[in-house]
Amino acid sequence: MSDANPDSTPASDDQPHGNWLAYAIFFSIVAAIALALISPHLAASLEIGGEVFLRMLKMIVVPLVLTSVMCGVLGMGDVRKLGRPGAAAIGFYLVTTILAVVVGLVVVNIVQPGVGTVDQAAVQAMNTEGQGSPKSKIVDALAQTTGLSKVEVGGVLEGLPQGESVQPNIGTIFKNLVLMLVTDNLFVSAAQTQLLPIIVFAIVFAGMLTTMHEDVSSITRLITQANKALMQFVMLLMNFAPLGIFCLVAARFGEAQAEGKFLEELSQIGWYFGTVVGGLAFHALITLPAIFYLVRRENPYRFILAMSKALLTAFSTASSSATLPVTLECAEEAGISKRSTEFVIPLGATINMDGTALYEAAAAIFIAQAVPGIDLGFWEQVIVAVTATLAAIGAAGIPEAGLVTMLIVLNAVGLPLEYMGLILSVDWLLDRFRTTVNVLGDSVGAAVVEKTLPDRPSPPGLAAGA
């Protein structure tokens with residue numbers, strides 16, 4: 001039987017991973033957390049094993065994004081057919097990001113985790129009123145909170161503007177996002193895992209190939225075969241996922257437990273932590289499934305279960321990009337068209353940040369509640385919602401986007417930037433939850449956009465290789 005059909009669900013012999021792998025990853029996470037609580041120093045020593053697995057995942061992200069996006073565009077058969085699914089993908093990401101922000105604002109206003117739950121001595125310790133640029137103030141506060149040197153913190157916040165009168169704002173997002181759409185050196189972008197310019201190049205180049213028909217049949221076959229080989233490599237790599245994820249999770253939780261402050265900090269801002277996780281859970285288990293059901297009329301929770309390997313990997317790595325190979329594999333195993341997964345999911349891993357948007361909105365309101373003398377009214381919260389939405393969408397244009405975009409949201413409503421130190425102690429753990437929600441949003445996006453795809457064509461060059 002021919003395997004030239006790019007839209008078919010992979011056959012069983014292409015799916016070596018059954019439910020056992022999802023269960024193995026889940027139990028490896030549970031075992032890793034248990035080890036971190038019992039013997040934190042031993043758990044922390046496993047960092048190298050986790051780092052090797054994480055690097056192996058990241059190693060194939062760039063070539064996989066390049067070939068999968070090209071295959072997705074080539075699967076349309078004609079670049080002019082890209083308009084409807086492209087608009088659907090962008091529309092889905094925008095709508096779900098707005099809904100995530102609304103959920104975050106509603107939950108944080110109902111629970112009010114910052115009212116009467118935060119040690120005011122800790123709040124006052126972060127007050128750095130006086131002269132200094134926004135960047136210097138936040139560098140000082142973060143250095144004191146995290147224990148890193150000012151040089152190390154400054155390197156993370158390199159994208160922030162300098163100067164007393166220069167404030168980080170939404171213009172910073174737009175400037176970086178526009179510049180990140182194109183690159184002066186594609187190889188440098190690949191080396192730095194800057195996926196947005198790679199995706200733009202892949203869409204334009206593959207779109208051009210669809211207009212050249214049989215003249216480029218060899219190139220289109222090469223792209224398709226390379227993508228298939230890379231996905232086979234992902235399947236091979238996932239056999240080591242339980243061990244790699246065990247080391248990753250054990251090392252990070254062990255490090256936090258060895259410092260001896262994590263549980264203490266969590267107890268102080270536990271209401272904030274629970275509020276954000278509750279909001280993320282609502283968005284992941286109610287909002288996204290509702291959209292999935294309305295569009296596809298299928299059981300959304302069965303789909304979420306099918307995506308469990310990708311979601312557990314996202315929690316373990318705290319990186320949408322590193323999880324991308326697994327997300328593609330799981331989405332195809334869940335029955336989503338390759339034409340949709342190959343185009344939508346890489347784009348979503350770059351610009352779709354539902355969990356990040358929800359977190360930023362909730363964190364800004366929490367800080368306002370915790371700091372005396374600050375009261376954000378309805379219109380200020382509207383500003384928070386708009387800024388968090390735009391910041392999350394434009395996060396791809398800024399290195400270490402979580403920190404920088406959080407500063408932009410705080411600055412939009414005049415909240416002191418240095419008070420971000422209140423939430424840093426649990427940010428690494430919340431990052432894992434919001435990354436999981438981001439990955440689920442990418443997957444649901446592929447399922448939704450699939451319904452907008454044109455009838456399956458015979459892609460130029462692909463039919464020749466059937």
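**Close-up views of a predicted model**

**View 1. Val106 in helix α5.** At 43% relative accessibility, Val106 counts as partly exposed, a class between buried (under 20% relative accessible area) and exposed (over 50%), with a 1.4 Å probe and protein chains only. Val106 belongs to helix α5; helices are DSSP runs of H or I with at least four residues, numbered from the N terminus, and strands are runs of E with at least two. The model is predicted: local features need pLDDT of at least 70, side-chain atom pairs count only at pLDDT 80 or more, and totals for chains, interfaces and linings use all residues. Residues are numbered from 1 along each chain as its sequence is written, and side-chain values use heavy atoms, with hydrogens and water left out.

**View 2. The nonpolar surface patch.** Leu94, Ile98, Val102, Val106, Ile110, Val111 and Trp271 make a nonpolar surface patch of about 650 Å². Such patches join nonpolar side chains (Val, Leu, Ile, Met, Phe, Trp, Tyr) within 5 Å, or like charges within 9 Å, from residues with over 30% relative accessible area and no salt bridge (a side-chain nitrogen of Lys or Arg within 4 Å of a carboxyl oxygen of Asp or Glu). Areas come from the Shrake-Rupley method with a 1.4 Å probe; for residues, only the protein chains shown count as cover. Helix α5 (residues 83–111) gives the most, with six residues.

**View 3. Two annotated spans.** The unreviewed UniProt entry annotates "transmembrane region" at several spans, including 87–111 and 186–209; such annotations use the numbering given here, with shortened feature names, and may be inferred rather than shown by experiment. Residues 87–111 are 100% helix and 0% strand, with end C-alpha atoms 36 Å apart. For residues 186–209 the values are 88% helix, 0% strand and 19 Å.

**View 4. Ala281 in helix α15.** Ala281 lies in helix α15 (residues 270–296) and, at 32% relative accessibility, counts as partly exposed. Its C-alpha atom is separated by 8.2 Å from that of Val437, 156 residues apart along the chain.
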